[in-house]
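Please open the model in your viewer and follow the stops below in order.

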Amino acid sequence: MTAHACPEHAPGSVACFYDHGCRCDGCGRAAERRRKKAARLGYSQFTDAEPVRRHLEALGVPNKTIAQHSGVSMPTIGEIRRGVRDRIHVRTARALLAVTTTRAEAGLIPAVGTRRRLQGLIALGWTLSHLADELGSSKQQLNLVVHGRYEQTEAAWAARVAAVYNHLGATPAPASTAALRARNRAVRNKWAPPAAWDDGTGPHGIDNPEAEPVGVRPPTSTGRYGHLADDLADAIDNGASLGDLEARFGMRWAAMERALLRAGYHHHAARVRPLGIDRERHANARKEAA
């Protein structure tokens, strides 16, 4: 028997079962009686999720903001927006449809300054993993922000990004393979470093949507082998075999090793070389046996 622990409702409350997630025997029986009565009367407790999905897309705000205003969990909102759920509970639908643009926009500011600050830190070699740890966010969320997927962001979160930017923005990341990859990523995307921006919303202010970076021109090339080596290193980190690498890049292992070394990926080059030598040894042994 599951004990009733909710301080706001007496045992046997339907609202306690649905709103507070209480699963005591009394609240469970009350919810079951409600379900059976609704079925007997021909009333469905679930409704089509498509109108709700369209409403959420029209809001154009992050799931976290919608969750704060509706009381619906972020995973549920995410599943609705992705089309995973075809039908949802009528209580959920009512709560989400009640979120209006005016309510949802409370506390939101333009994301341009936040995006530029994160891009600038990456240009200094700070990785998304490090920044995610500093901010208490996920790498996936930061990746969406730096690539301009959000036009607005929460003011409180933007303030946290600004604090991390002020702390790290004058210091290049320690030398490492990850830092090199972060810098190369910034070069590919033409992200300006912090020194290219002024504070505030002036003509060259980081928070001014019309501003352009000045003073420090971002590099325009990572060299002949930079982009190729980045892709090779990513594939190696993701566990690609030597055969997979050769098929994908159309290169023999020695050419891959040279590209990685010239771009500074010494650790990855050291992982490729023994695989290539081992393959050639086996090939020679088979020839001798034949």
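Begin with the charged side chains: the protein carries 41 positive and 29 negative ones, and the centres of the two sets lie 5 Å apart. Lys and Arg count as positive and Asp and Glu as negative, while His and the chain ends are not counted; each charge is placed at NZ of Lys, CZ of Arg, CG of Asp or CD of Glu.

This is a predicted model, in which local features need pLDDT of at least 70 and side-chain atom pairs count only at pLDDT 80 or more, whereas totals for chains, interfaces and linings use all residues. Residues are numbered from 1 along each chain as its sequence is written, and side-chain values use heavy atoms, with hydrogens and water left out.

Next, display the whole chain as a cartoon. There are 16 helices and 4 strands in the protein (DSSP runs, H or I of at least four residues and E of at least two, numbered from the N terminus). The radius of gyration (over C-alpha atoms) is 27 Å, well over the 19 Å from the globule rule for 290 residues (2.2 Å times the number of residues to the power 0.38), so the protein is more spread out than a compact globule.

Now select His89, which lies in strand S2, residues 87-89. His89 is buried, at 13% relative accessible area (buried means under 20%, with a 1.4 Å probe and protein chains only). Leaving aside neighbours within four places in sequence, His89 is in contact with Tyr18, Gln45 and Phe46 (heavy atoms within 4.5 Å).

Terms used: Buried means under 20% relative accessible area, exposed over 50%, partly exposed in between (1.4 Å probe, protein chains only).
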